[in-house]
Amino acid sequence: MATKREIRIETMKGLYLFEIYGNCDFQMEQVFSTSESIGLFQNVIKDLEKIDKSINENLYNYSFSRLSYVDKSILRIATYELLFTDTPTSVIINEAVEITKKFSDLDDQKQHKFNNSLLDSIAKVREK
């Protein structure tokens with residue numbers, strides 16, 4: 001059985017491919033090993049417009065198009081969870097930061113701090 005983090009990582013990889021292809025024209029069975037990952041992926045895609053709008057509205061002095069595909073994928077999963085699930089905010093942000101450290105951070109550790117700050121801004125909207 002996959003852990004929540006493994007599900008998020010698989011989903012991130014699927015969203016990365018979605019960003020590259022611009023659609024779902026890739027072999028899902030080669031990316032996803034669990035139905036939970038497929039479900040999370042499909043939920044994010046279904047609400048992608050709302051998710052991207054929320055991310056974009058909380059970016060300051062930065063444009064959405066400048067985000068790397070990996071960071072977009074991580075942020076989209078976390079934003080989906082913030083907006084549409086009951087998962088505690090601290091868990092969502094911590095998971096996103098840890099995944100960013102593993103897959104996106106360069107040696108300067110700036111990216112996980114950027115993602116943490118952005119998700120914190122989105123979370124404040126959730127709490128209202």
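**Helix H5 and its surroundings**

Helix H5 has 16 residues and spans 22 Å from its first C-alpha to its last, close to the 22 Å expected at 1.5 Å a residue (the expected span being 1.5 Å times one less than the number of residues). Helices here are DSSP runs of H or I with at least four residues, numbered from the N terminus. The model is a predicted one, in which local features need pLDDT of at least 70 and side-chain atom pairs count only at pLDDT 80 or more, while totals for chains, interfaces and linings use all residues. Residues are numbered from 1 along each chain as its sequence is written, and side-chain values use heavy atoms, with hydrogens and water left out.

H5 is mostly covered, as 12 of its 16 residues are buried; buried means under 20% relative accessible area, with a 1.4 Å probe and protein chains only. Among these buried residues are Ile-74, Leu-75, Ile-77 and Tyr-80, together with Asp-71 and Arg-76.

What lies against this helix? Two packed helices are described by the angle between their axes and the distance between the axes. Axes are lines fitted to C-alpha atoms, for helices over the stretch in contact, and angles run from 0 to 180 degrees between N-to-C directions. Helix H1 (residues 4-21) packs with H5 at about 125 degrees, with the axes 8 Å apart. Contact means heavy atoms within 4.5 Å.

Helix H3 (residues 35-46) also approaches H5: their axes come within 10 Å and cross at roughly 85 degrees. That angle makes H3 roughly perpendicular to H5. Leu-40, Asn-43 and Val-44 of H3 make the contact with Arg-76, Ile-77 and Tyr-80 of H5.

Two loop residues complete the picture. Asp-47, in the loop between H3 and helix H4 (48-57), counts as buried because its relative accessibility is 11%. Leaving aside neighbours within four places in sequence, Asp-47 is in contact with Tyr-80 and Phe-84. Leu-59 sits in the loop between H4 and H5 and is likewise buried, with a relative accessible area of 10%. Not counting residues up to four places away in sequence, Leu-59 touches Phe-64, Leu-67, Phe-114 and Leu-118. The C-alpha atoms of Leu-59 and Asp-71 are separated by 13 Å, with the two residues 12 apart along the chain.

How values were computed
Angles under 35 degrees count as roughly parallel, over 145 as roughly antiparallel, 65 to 115 as roughly perpendicular and the rest as oblique. Buried means under 20% relative accessible area, exposed over 50%, partly exposed in between (1.4 Å probe, protein chains only).
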